[in-house]
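Please open the structure in your viewer and keep the selection tool at hand. The tour below goes from one selection to the next and says what is there each time.

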Amino acid sequence: MEDFRRTYLRLCKEGGVEPQESVVAQLQENRTAQGSRLDLSGQSLSADTCSVLARAFEKDMAITEVSLSDCMLSEEGAKVLLTGLFGNTTVKVLDLKGNNLRSKGAEVLGKLLARNKTLRRLVLEWNALGVWDEAFSLFCEGLASNSMLIQLDLRNNQINHHGASELALALKRNNTVEVLEQTTAHNSDRQSTLRENHSRTQVLSKEIHILKEEKGRQFLSLMETIDRQRDEMGRSSRSTSIQISQLQEALNERKSAVNSLTAKVQMTEAALALSEQKNHNMGQLLTRLKTEKEEQRERQNRERKKEQEDSVLREGKLLREIQNLTETNGQLRNKVEEMERRCKSQQQQIFELKQELTNSTAELKLRLAQSEDRLEMEKRRSKQALEDMDTLRQKEVEHVNRHLEESERALQERIFKLEGQRIQLEEELSKAKAVCVTERAQAEEELGRVRAQVRLEEQEHVSSLEEKLRSVRSSLQEVQLHCSQQKQTISELQVKNSQQSIEMDGLRRRIEELQQELSGKDQEKVAEVSRVRVELQEQIGHLHAERTAQGGLKEKISALEREIKVLSSNHREALLDKESEMSSMLEKLRLREAEIQRMREDEAQRASYLQSAILTYVQGSPLGHYSSPKK
């Protein structure tokens with residue numbers, strides 16, 4: 001072994017290759033050991049190291065057993081290393097277990113078996129020689145032409161149907177191989193165990209799938225219910241805002257009606273003052289002729305009748321407006337009661353949704369606990385079954401564990417991505433809230449514009465009334481001018497006034513009676529106007545109270561919306577957690593099931609073909625008569 005170590009160091013120096021420290025240390029440990037066995041198991045050999053070892057094997061004449069198991073040989077490194085053994089005449093045992101040899105490795109092994117004349121035992125367990133049909137065919141050709149190999153180990157090499165048939169043909173042509181490692185008896189037990197585990201895994205996966213679908217349906221129904229409630233609350237809030245705007249418009253209309261009534265009362269007072277002035281003028285004009293007096297009296301009667309008709313029409317119009325306002329007030333009260341009933345029904349629905357949510361959460365937790373218990377029982381059973389397996393499956397278990405760790409890391413990355421999506425959804429929710437705030441501000445601006453428009457219309461109405469007032473004043477000036485003209489005639493008719501004083505007294509008494517009647521009517525109108533004002537103030541107070549009640553309802557609705565959002569977010573988080581746990585469990589089960597299925601199929605196929613090949617080989621070999629009595 002010391003000679004081999006010196007040769008290795010010398011060849012590294014000649015080739016300009018840095019000696020691999022792990023190889024040097026292993027050779028240093030084996031330097032004092034007796035025997036001719038080179039053990040480099042578990043050492044990760046580079047391509048350069050493989051090249052130097054191949055050159056050393058070509059010149060070495062002492063080593064008879066080489067162990068290179070679990071050295072993670074690359075395709076190029078395996079090719080170079082095995083090429084160095086083509087002309088070696090001392091190595092009888094070669095162990096290449098667990099090096100993942102593939103197409104190039106199978107081709108070089110075929111060439112090695114065809115050229116090497118001293119190799120007796122070849123261990124190729126836990127490789128991938130059977131993946132590529134052409135390369136494995138070359139390996140089988142080399143095996144067929146070999147006449148020195150006695151023992152061959154091809155366990156766990158993923159040999160398919162074609163490879164098994166090629167191997168059987170090669171064994172027919174080979175007359176020296178006496179031992180071909182195979183585990184058909186163990187495979188049958190392991191196959192039954194795998195079938196049992198597969199059936200249990202299918203049952204669990206079906207139950208988990210059913211639970212997942214049921215949970216998805218419950219979640220979708222809950223989200224649909226929440227969306228419907230949200231839409232209904234949005235519609236109710238919009239209808240409430242529309243009703244408030246309508247109430248505001250009605251209030252503005254009533255204010256305008258009150259202003260118009262006030263203007264009408266002022267106009268009536270002005271008309272009364274004008275009639276008194278006319279009566280005074282008529283008193284001054286009584287000194288005229290009787291014909292003119294009769295005409296003046298008739299004219300006055302006609303004007304008085306017209307004024308009475310106008311006052312009757314105005315009173316009827318006021319009564320109609322009051323009746324319309326009363327009906328509008330009743331309709332508004334009915335709408336408010338209907339809104340209160342809707343709010344109560346929505347609160348009841350929200351309470352039912354909360355109850356249903358708690359029930360569904362409890363049921364999901366119970367089912368999840370049951371599924372976890374079943375999964376734990378199945379895990380214990382699988383663990384018990386796996387512990388009874390052969391110790392040769394440790395590498396496979398480590399491989400499966402690595403895959404599980406990778407899947408767990410992938411699931412953690414998925415959880416991080418889902419967390420990012422949740423944060424993005426929360427940002428979108430905040431944006432939606434901002435949009436709602438902007439829309440509310442726009443609505444308030446629109447209400448301000450409407451109020452400004454109403455004020456502008458009131459100003460225009462006031463300007464029109466002022467214009468009418470100016471026209472009345474101009475007519476009053478014309479009447480005053482006419483009075484000044486009549487004074488001249490009065491001075492001329494003062495003589496006639498003394499003669500008609502008796503008639504004037506009677507007319508004065510009549511005028512006093514008319515004035516008393518007018519004052520009574522004025523008092524009645526003032527009382528009616530004050531009563532209308534009181535009723536309007538009461539209605540305005542009711543409207544303010546209703547508006548405050550609507551504000552309280554809006555606050556309650558917003559509080560309920562916040563509570564529903566909090567509940568929905570909590571429920572979504574819980575569902576996401578449970579879904580992530582169930583997805584991780586399903587992924588683990590799926591990986592385990594796929595691995596077990598693949599192993600079961602590969603081992604079943606390899607076992608069947610290897611068994612047929614062995615039987616064929618044993619029946620055709622000279623040992624056939626020894627095996628037949630055992631059967």
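This is a predicted model: local features need pLDDT of at least 70, side-chain atom pairs count only at pLDDT 80 or more; totals for chains, interfaces and linings use all residues.

Of the 631 residues of the protein, 33% count as buried. If you consider the contacts between residues at least 6 apart in sequence, 87% of them join residues at least 24 apart.

Next, select Leu124 and Phe139, which touch the most other members of the largest nonpolar core, a set of 57 residues. To see where this core draws its residues from, colour the elements that give two or more residues to it, namely helix 1 (2–15), helix 2 (21–29), helix 3 (47–59), helix 4 (75–83), helix 5 (103–115), helix 6 (133–145), helix 7 (161–173) and helix 12 (501–620). Among these elements, helix 6 provides the largest share, with six residues. As a general background to this stop, nonpolar side chains tend to be buried together in soluble globular proteins.

Stay with Phe139 and show its surroundings. Which residues is Phe139 in contact with, once its neighbours within four places in sequence are left aside? They are Ala106, Leu109, Gly110, Leu113, Leu124, Leu152 and Leu154. Then move to a second, separate core, which has eight residues and includes Ile208, Met582, Met585 and Leu589.

For the next stop, hide everything except helix 3 and helix 4, and turn the view until you can look along both of them. Their axes come within 7 Å and cross at roughly 10 degrees. Because angles under 35 degrees count as roughly parallel, helix 3 and helix 4 are roughly parallel to each other. Now show the side chains where the two helices meet: Ala47, Cys50, Ser51, Leu53, Ala54, Phe57 and Glu58 belong to helix 3, and they meet Gly77, Val80, Leu81 and Thr83 in helix 4. The residues of this contact divide into seven nonpolar, three polar and one charged.

As for bonds between cysteine sulfur atoms, the count of disulfides comes to zero.

Now go to Ala25, which is found in helix 2. Its relative accessibility is 39%, and Ala25 therefore counts as partly exposed. If you also select Arg5, you have a pair that is 20 residues apart in sequence and 10.0 Å apart in space, from C-alpha to C-alpha.

The last stop concerns the backbone. Select Met72, in the loop between strand 2 (65–67) and helix 4; Met72 has a positive phi of about 50 degrees although it is not a glycine. Then select Asn156, in the loop between strand 5 (151–153) and helix 7, where phi is near 55 degrees. Which of these two is buried and which is exposed? Met72 is exposed, with a relative accessible area of 62%, whereas Asn156, at 16% relative accessibility, counts as buried.

Key: Residues are numbered from 1 along each chain as its sequence is written. Side-chain values use heavy atoms; hydrogens and water are left out. A nonpolar core is a set of buried Ala, Val, Leu, Ile, Met, Phe, Trp, Tyr and Cys residues joined through side-chain atoms within 4.5 Å. Buried means under 20% relative accessible area, exposed over 50%, partly exposed in between (1.4 Å probe, protein chains only). Helices (H or I, at least four residues) and strands (E, at least two) are DSSP runs, numbered from the N terminus. Contact means heavy atoms within 4.5 Å. Axes are lines fitted to C-alpha atoms, for helices over the stretch in contact, and angles run from 0 to 180 degrees between N-to-C directions. Angles under 35 degrees count as roughly parallel, over 145 as roughly antiparallel, 65 to 115 as roughly perpendicular and the rest as oblique. Ala, Val, Leu, Ile, Met, Phe, Trp, Tyr, Cys and Pro count as nonpolar, Asp, Glu, Lys and Arg as charged, and the others, Gly among them, as polar. A disulfide is a pair of cysteine sulfur atoms within 2.5 Å.
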